[in-house]
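Please read the following note with the sequence and the model open side by side.

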Amino acid sequence: MSDIGNAGQADAAVVSRPVAFVVGGREEVFDDAWRDVTAVIRLDAGQYSEEALYGIDAFSHLELVFHFHRVPVEKIETGARHPRGNTDWPLVGIFAQRGKNRPNRLGVSRCRLHRVDGLDLHVSGLDAVAGTPVLDIKPYMAEFDPMGEVRQPEWSSEIMRHYY
C-alpha cells in the first residue's frame, strides 16, 4: 500500500463518466498542426440538457479534460523518457512533459469556441481525435493564467513550435 496523503486512498479507484465525446476533426493520432482542426464536442444527451451549456457562448475559449482512449495500457509511461523519442532532447520524467502515454491517460487542452448548437460545442484547435471521451468542460478565464513569469526549457518550446 502506498503512503500518500490519507492512508489507503492512494490505491482507491477514481471513476469518471464522460460528459461528452469529440465528433469529427482528426481521425488519426499525430503530434502537430492542430490549430486549424475543427471538431464538435457533443454532450451526452442521456446525462445533460441544453441547460448545462447556458452562458458558455459568452466565452471565446474552453478548457477540456479528456481521456487518451487510444493509448493501450501497456504503452503507459511511469518513468523518464526523451520527449517524442528524440534523443536530442533530455531524458525527463513523465510528469515533466505532456505526452499522451501518461499514467492515467488524461489530457488537458484549451480550444476556441466558435458556436453552441443545442448540445454541440463547435471548436477549433482541440488536440483530441474523433471519438475521444471528454471528462470535463470548463470556460477558459484569463484569470487562470499563471501569475508571474512563466519559465520552461528550450526543448519544450521546440516541441510546441509546430503543435498549433
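1. How many bridges join strand E2 to E7? There are 5 bridges between E2 (residues 38–43) and E7, and the two strands run antiparallel. Here a strand is a DSSP run of E of at least two residues, a helix is a run of H or I of at least four, and both are numbered from the N terminus. Two strands pair if DSSP finds at least two bridges between them.

2. This is a predicted model, in which local features need pLDDT of at least 70, side-chain atom pairs count only at pLDDT 80 or more, and totals for chains, interfaces and linings use all residues. Residues are numbered from 1 along each chain as its sequence is written, and side-chain values use heavy atoms, leaving out hydrogens and water.

3. The protein has 1 helix and 8 strands, and in order from the N terminus they read β-β-β-β-β-β-β-β-α. A barrel is closed by 6 strands in the order E1-E2-E7-E6-E3-E8, with antiparallel pairing.

4. Strand E7 (residues 120–124) is also joined to E6 (residues 106–117) by 5 bridges, again antiparallel. Arg-115 is bridged to His-122 of E7, and Val-116 to Leu-121.
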